[in-house]
Amino acid sequence: MISVQSICKTFSGQDGPVLENITFQIDDGQTLSIIGPSGCGKTTLLYILAGLIQPTSGQTTMTGPVHVNKIGQSAFVLQDFGLFPWKTVTQNIELGLKLKRVPPAIRKETVNRLLTDMGLPGMGARYPSQLSGGQKQRVAIARALATDPDILLMDEPFSSLDAMTREHLQNLMRDMWIKNRISYLIVTHSVEEAVFMGRRILILTGRPGRINAVVDNPNFAAPDFRLQPEFFESQKQVRLALEKSV
Ligand SMILES: Nc1ncnc2c1ncn2[C@@H]1O[C@H](COP(=O)(O)OP(=O)(O)OP(=O)(O)O)[C@@H](O)[C@H]1O
Ligand SMILES: [Mg+2]
């Protein structure tokens, strides 16, 4: 379980806090969407969770198998993919495994499994420039999953993709969650995406980012969820909360 307790963040030289009194938790194997106006501190919050920057006050604690502050236990998926253009798909995916000195045979097996899971079989020898945007993002997700993280932190991972590719990757990611129950946290600007991907949706206010509302979304993993009344009901709740957020 990840527990975030009363996190506040003020950057030095800035007038006023960016994040104020953020408290939530993510149980093992659970998912959370975060949505809020631009500049309210969402990316900052992910960096704090990953242990890359320190909060001004408050703390994050982990119990059970999750230790997000230890390097290697959380994995980041960024909006701009972050792939190395001079490395092949395989070399990009196995990067974290190499750093951990995982033997070549196991690296190969892991890469092949992830390529299949991500619908990229046979593409290991290609370079990022030879892939579509959606394929690049799948490689970025595969690379994040390769080290078997306890939690995946995703910062607007699908926002630069066209609508159909985006929906396809949302389906892929959620199906993988149904299969493997990997905890993830997704930051998004899309109400639909927040509701489709998150068991709960955290709505932040404009700067300083505070928790405005938490929408419970227990049916998010139901078959054909996009067609269910609960999908629209949760979106309505998120939209109403967002109206009060700005
Ligand atoms: N290293 C830094 N030093 C000073 N200020 C920073 C730093 N990083 C972020 N900020 C400021 O903190 C605020 C929140 O930034 P952040 O990137 O977390 O917002 P965000 O919610 O992710 O926005 P967006 O939705 O546009 O991605 C912004 O005003 C930004 O200028
Ligand atoms: Mg951001």
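This is a predicted model: local features need pLDDT of at least 70, side-chain atom pairs count only at pLDDT 80 or more; totals for chains, interfaces and linings use all residues.
A crossing of two helices is called right-handed if the near helix is turned clockwise from the far one by less than a right angle.

**Two domains**

Let's start with the overall layout. The chain splits into domain 1, covering 2–73 + 151–243, and domain 2, covering 83–148. Their C-alpha centres sit 25 Å apart. Where the two touch, domain 1 puts in eleven residues and domain 2 puts in nine. Which helix gives the largest share of domain 1's side? That's helix α6 (residues 163–180), with five residues. Sorted by class, domain 1's side of this contact has seven nonpolar residues, four polar ones and no charged ones.

**Helices that pack together**

Helix α6 also turns up in a helix pair, with α5 (residues 133–146) as its partner. Helix α5 in turn pairs up with α4 (residues 104–117). In general, two packed helices are described by the angle between their axes and the distance between them. Here's how the two pairs look:

| Helix pair | Axes come within | Crossing angle |
|---|---|---|
| α5 and α6 | 10 Å | roughly 25° |
| α4 and α5 | 10 Å | roughly 135° |

Take α5 and α6 first: their axes cross at roughly 25°. Angles under 35 degrees count as roughly parallel, so α5 is roughly parallel to α6. The crossing of this pair is right-handed. On the α5 side, the meeting residues are G133, G134, Q137 and R138, and they face T165, H168 and L169 from α6. By class, that contact holds one nonpolar, five polar and one charged residues.

Now for α4 and α5, with their crossing of roughly 135°. That angle makes α4 oblique to α5. This crossing is right-handed too. Here T110, L114 and L115 of α4 meet A142, L145 and A146 of α5. What classes do these residues fall into? Five are nonpolar, one is polar and none is charged.

**Around the ligand**

Finally, there's ligand 1. Which residues surround ligand 1? Part of the shell is the run S38, G39, C40, G41, K42, T43 and T44, and the rest is F11, Q14 and V18. By class, this shell has three nonpolar residues, six polar ones and one charged one.

Key:
Residues are numbered from 1 along each chain as its sequence is written. Chains are lettered from A and ligands numbered from 1 in the order in which they are written. A residue is near a molecule or strand if its C-beta atom, placed from the backbone, lies within 6 Å of it. Ala, Val, Leu, Ile, Met, Phe, Trp, Tyr, Cys and Pro count as nonpolar, Asp, Glu, Lys and Arg as charged, and the others, Gly among them, as polar. Domain bounds come from an automatic or database domain assignment. Two residues are in contact if their C-beta atoms, placed from the backbone, lie within 7 Å. Helices (H or I, at least four residues) and strands (E, at least two) are DSSP runs, numbered from the N terminus. Axes are lines fitted to C-alpha atoms, for helices over the stretch in contact, and angles run from 0 to 180 degrees between N-to-C directions. Angles under 35 degrees count as roughly parallel, over 145 as roughly antiparallel, 65 to 115 as roughly perpendicular and the rest as oblique.
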